Amino acid sequence: MEELQVYAFKYQRAESVTSAAAALSTDDAAKVLSGGMTLLPSMKHRLIAPTVLIDLARLPDLIGVREQADHWWVGSATRHQDVAAHVGLQKAMPGLAQLAGLIGDPQVRARGTLGGSLANNDPSADYPAAALALQADIVTERRSIAADDFFLGMFATALQPDEIITGVRFRTALRSAYAKFKHPASGYAMAGVFVAQYPSAGLDRGGWRVAVTGVANGVFRWQEAEQALAKGTTTPALQRDDVIDDVHAPAAYRTHLAMQMLAQACQAF
Ligand SMILES: Cc1cc2nc3c(=O)[nH]c(=O)nc-3n(C[C@H](O)[C@H](O)[C@H](O)COP(=O)(O)OP(=O)(O)OC[C@H]3O[C@@H](n4cnc5c(N)ncnc54)[C@H](O)[C@@H]3O)c2cc1C
C-alpha cells in the first residue's frame, strides 16, 4: 500500500483574525487551515508543502449563522452541519440550509467549512452556486467581494494569497431551492442548480437568479434559465463550450442533468 507522508510543517492556532493575517503576510508558504477536508489530503499527497498551518477553526468571530437586515451572515469557519441544522435558516433560506446538508457525507459536514469551500472553489463544490444565486458578498479581513466578481474559474478566486475570508452575506431571497445530482462515490455535484427569486422591481430577469455547479470549468449563472423563469417560458437547452466531459459523464449527459436539476429545484419552490 502507498505510504502517505506529509512534508514537515509548523502548526499555529490563530488567536485572532488580525494575528492570523499578520502571520500569513510574513510567510509566502504559510496557509490557513479551516476544516482541513481539502488541505490535509493535498498535503498528504505532497501536492502542496506549506511551512506553517494557521488554524482558524476555533475563532468565535468566524463561527455562526445570523439574520441581519436584508441578509444572512454565515461565518467562514461555520461547519456545513451547523448551516444545515440552523432552524431559522431552514425557514427563511431553505435552499441554503438544504445545500449544506447535501455536501459530502456526515464526516465531511462535521469538519468542512464555508470559507474553505469558497476559497478552494472546486468546480463541483456546492457553496459557490449558493453564493452566486443569493447575491452574496464574500467578506475578508480587508474588503467585501461580490460573488459575481469572486469566482474566476477552476480553483481560482479573487482572493489575494494572504487574504482571509471572515464570513459571507447571503442576501435574503423570497424563495430559494437547490437540487443536486451527486457523484455516487464522492458526493460532489455532477450537476447542482441553485434557484433564487427576489422582488423584481428594478432588477433584470424579473428577480430570478440561477447558478450552476459541477457542469463546467467553474460555477456560472444560467442567464437563459433566469430569462425563461421571468417570462414563464421553457428554458432552452444549456449551451456552453466548457462543459466537463470526463470519465464520470460525457458533456451531453451533464447538460441533461442540469436541465433536470433546474426542474427539481423549481418544483421544490
Ligand atoms: C470525501 C469528501 C467529499 C466532499 N464532498 C463535497 C461535496 O459534495 N460538495 C462540496 O461542496 N464539497 C465537498 N467536499 C469539500 C468539503 O466540503 C470542504 O468544503 C472543502 O474541503 C474545503 O473546506 P475546509 O473547511 O475543509 O477547508 P480546508 O481544507 O481547511 O482549506 C481549503 C483551502 O481553503 C483555504 N482556506 C480555508 N479557510 C479559509 C479562509 N477562511 N479564508 C481564506 N482561505 C481559506 C485553505 O488555506 C486551503 O487552501 C468534500 C470533501 C471530501 C474530503
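1. Along the principal axes, the C-alpha atoms of the protein chain fill a box of roughly 55 × 50 × 30 Å.

2. A word on the basis of these notes. This is a predicted model, in which local features need pLDDT of at least 70 and side-chain atom pairs count only at pLDDT 80 or more, while totals for chains, interfaces and linings use all residues. Residues are numbered from 1 along each chain as its sequence is written.

3. The protein chain has 11 helices and 12 strands, where helices (H or I, at least four residues) and strands (E, at least two) are DSSP runs numbered from the N terminus. Buried residues make up 42% of the 269 residues; a residue is buried if 20 or more other C-beta atoms lie within 10 Å of its own, exposed if 12 or fewer, and partly exposed in between, with C-beta atoms placed from the backbone. Of the contacts in the protein chain with a separation of 6 or more, 62% are between residues 24 or more positions apart, a contact being two residues whose C-beta atoms, placed from the backbone, lie within 7 Å.

4. The domain assignment gives domain 1 (10–55) and domain 2 (60–267), with bounds that come from an automatic or database domain assignment. Taken over C-alpha atoms, the centres of domain 1 and domain 2 are separated by 25 Å. Where the domains meet, 11 residues of domain 1 are in contact with 14 residues of domain 2. On the side of domain 1 that touches domain 2, helix α1 (residues 17–25) gives the largest share, 5 residues. That side of domain 1 divides into 6 nonpolar, 5 polar and no charged residues, where Ala, Val, Leu, Ile, Met, Phe, Trp, Tyr, Cys and Pro count as nonpolar, Asp, Glu, Lys and Arg as charged, and the others, Gly among them, as polar.

5. The ligand is surrounded by 29 residues, of which the closest are Gly35, Met37, Gly104, Gly115 and Gly116; a residue is near a molecule if its C-beta atom, placed from the backbone, lies within 6 Å of it. At least two shell residues come from each of β2 (30–33) and α7 (114–120), and α7 gives the largest share, 5 residues. By class, the shell holds 13 nonpolar, 14 polar and 2 charged residues.

6. Helix α5 (residues 94–101) is largely enclosed by the rest of the structure, because 6 of its 8 residues are buried. These buried residues are Gly95, Leu96, Ala97, Gln98, Leu99 and Ala100. They pack against α3 (80–84), α4 (87–92), α8 (127–133), β8 (165–171), β9 (175–182) and β10 (189–197).

7. Strand β8 is mostly covered, with 6 of its 7 residues buried. Strand β5 (residues 71–75) is joined to β8 by 5 bridges, and the two run antiparallel; strands pair if DSSP finds at least two bridges between them. Within β8, Arg169 stands opposite Trp73. Strand β6 (residues 137–140) also runs antiparallel to β8, joined by 4 bridges, and Val139 has Gly167 in β8 as its bridge partner.

8. Ala20 is found in helix α1 and counts as buried, because 23 other C-beta atoms lie within 10 Å. Leaving aside neighbours within four places in sequence, Ala20 is in contact with Ala14, Val32, Ile54, Leu56 and Ile164.

9. Two backbone angles deserve a look. Asn121, in the loop between α7 and α8, has a phi near 50°, a positive value in a residue other than glycine, and Asn121 counts as buried because it has 22 C-beta neighbours inside 10 Å. Phe155, in the loop between α9 (147–150) and β8, has a positive phi of about 55° although it is not a glycine; Phe155 is partly exposed, with 14 other C-beta atoms within 10 Å.
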